[in-house]
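This briefing goes through a single protein model by topic. Please look over the sequence and the structure before reading the points below.

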Amino acid sequence: MRTSTLEAFLDALAARVPAPGGGATAALHAAQGAALVAMVARYSDGEKYRQDADAIAQIRANADDLRALALALAEKDAAAFQAVTRAYALPKSTEREKMARSRAIGAALVEAGRVPARVIAVAKQIVNLTERLQPIGNRNVISDVAAAADAARAALSTARVNVEINLSGIGEGPARDELTAAIATVDQAIARAEDVTTAVRKRITR
């Protein structure tokens, strides 16, 4: 996925294949949001921004790290979903095979849920970066902070539904509790992202 062209990725996304799918796109939404944050931070340099230079440098470094992590998660999501597909394809002719298949499916669904849960965590951090950068970033590119917040919001919403679809096949227990906790505060994070966009719009329409 890292070396694929955009056209090739979209062709694969549109094809009748198990992956890439919504989970990978959630991670890519996050990666784009992080990249936009880093770009605005890089434009927010020079004497005019000296007072906030340390904060901006930290935001830039964090955004670069999150972009790399989100891209890695896009690839992990595709691999996790392929594991789910393989588990469902296991034989089920005997009771032993059925039990083994059921265990494999359960384990694969947990791992497939953990990847978008990690995307949610990344997207929350991106929202935090947009909140920090919005008031101090270069006004000439501040609309890209809103774009970053919107990308993070898309990542949050898309990753949440990908956790939920896997939860539907996971029984009660620690893994289910873990994934349920991961999506519990998504609405609040989405609201924070929307607040960033609102603040940017107010700032550019003064």
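From the N terminus on, the elements of this predicted model run α-α-α-α-α-α-α, which amounts to seven helices and zero strands. Helices (H or I, at least four residues) and strands (E, at least two) are DSSP runs, numbered from the N terminus. Because the model is predicted, local features need pLDDT of at least 70 and side-chain atom pairs count only at pLDDT 80 or more, while totals for chains, interfaces and linings use all residues. Residues are numbered from 1 along each chain as its sequence is written, and side-chain values use heavy atoms, with hydrogens and water left out.

**Overall dimensions and burial**

- Taken along the principal axes, the C-alpha atoms of the protein fill a box of roughly 70 × 35 × 30 Å.
- Of the 206 residues of the protein, 42% count as buried; buried means under 20% relative accessible area, exposed over 50%, and partly exposed in between (1.4 Å probe, protein chains only).
- Contact means heavy atoms within 4.5 Å. Among contacts between residues at least 6 apart in sequence, 79% join residues at least 24 apart.

**Nonpolar core**

- A nonpolar core is a set of buried Ala, Val, Leu, Ile, Met, Phe, Trp, Tyr and Cys residues joined through side-chain atoms within 4.5 Å.
- The largest nonpolar core has 61 residues, of which Val37, Val119, Ile126 and Leu156 touch the most other members.
- Two or more residues of this core come from each of helix H2 (22-43), helix H3 (53-88), helix H4 (95-133), helix H5 (143-167), helix H6 (174-183) and helix H7 (186-204).
- H4 gives the most to this core, with 15 residues.
- Not counting residues up to four places away in sequence, Val119 touches Ala26, Ala27, Ala30, Leu73, Ala155 and Ala159.
- In soluble globular proteins, nonpolar side chains tend to be buried together.

**Two individual residues**

- Ile59 is found in helix H3 and counts as buried, at 0% relative accessibility.
- The C-alpha atoms of Ile59 and Arg101 are separated by 45 Å, with the two residues 42 apart along the chain.
- Ala12 is found in helix H1 (residues 6-14) and is partly exposed, with a relative accessible area of 26%.
- Leaving aside neighbours within four places in sequence, Ala12 is in contact with Val17 and Pro20.
- Between the C-alpha atoms of Ala12 and Thr94, which are 82 residues apart along the chain, the separation is 36 Å.

**Salt bridges**

- A search of the whole structure finds 11 salt bridges; a salt bridge is a side-chain nitrogen of Lys or Arg within 4 Å of a carboxyl oxygen of Asp or Glu.
- Glu131 and Arg192 meet through their side chains in a salt bridge (2.7 Å, N to O). Glu131 lies in helix H4 and Arg192 in helix H7, so the pair ties together parts that are 61 residues apart in sequence.
- Glu131 counts as partly exposed at 29% relative accessibility, and Arg192 is partly exposed with a relative accessible area of 29%.
- Glu47 forms a salt bridge with Arg50, with the closest N and O atoms 2.9 Å apart. Glu47 is exposed, with a relative accessible area of 57%, and Arg50 is exposed, at 56%.
- Asp150 and Arg153 also meet in a salt bridge between their side chains (3.1 Å, N to O). Both residues lie in helix H5, three residues apart, about one turn of the helix.
- Asp150 counts as partly exposed at 28% relative accessibility, and Arg153 counts as partly exposed at 27%.

**Second largest pocket**

- On a 1 Å grid over the protein atoms alone, a pocket is an open set of points where a 1.4 Å probe fits, with protein on both sides within 12 Å along at least five of seven lines; lining residues have an atom within 4 Å of a point.
- The second largest pocket holds about 200 Å³ of space; grid points are joined across faces, edges and corners, and a volume is the space filled by probe spheres set on the points.
- Its lining has 14 residues, of which Asp77, Phe81, Asn162, Ile165 and Asn166 lie nearest the centre of the pocket.
- At least two residues of this lining come from each of H2, H3, H4 and H5.
- By class, the lining has eight nonpolar, five polar and one charged residues. Ala, Val, Leu, Ile, Met, Phe, Trp, Tyr, Cys and Pro count as nonpolar, Asp, Glu, Lys and Arg as charged, and the others, Gly among them, as polar.
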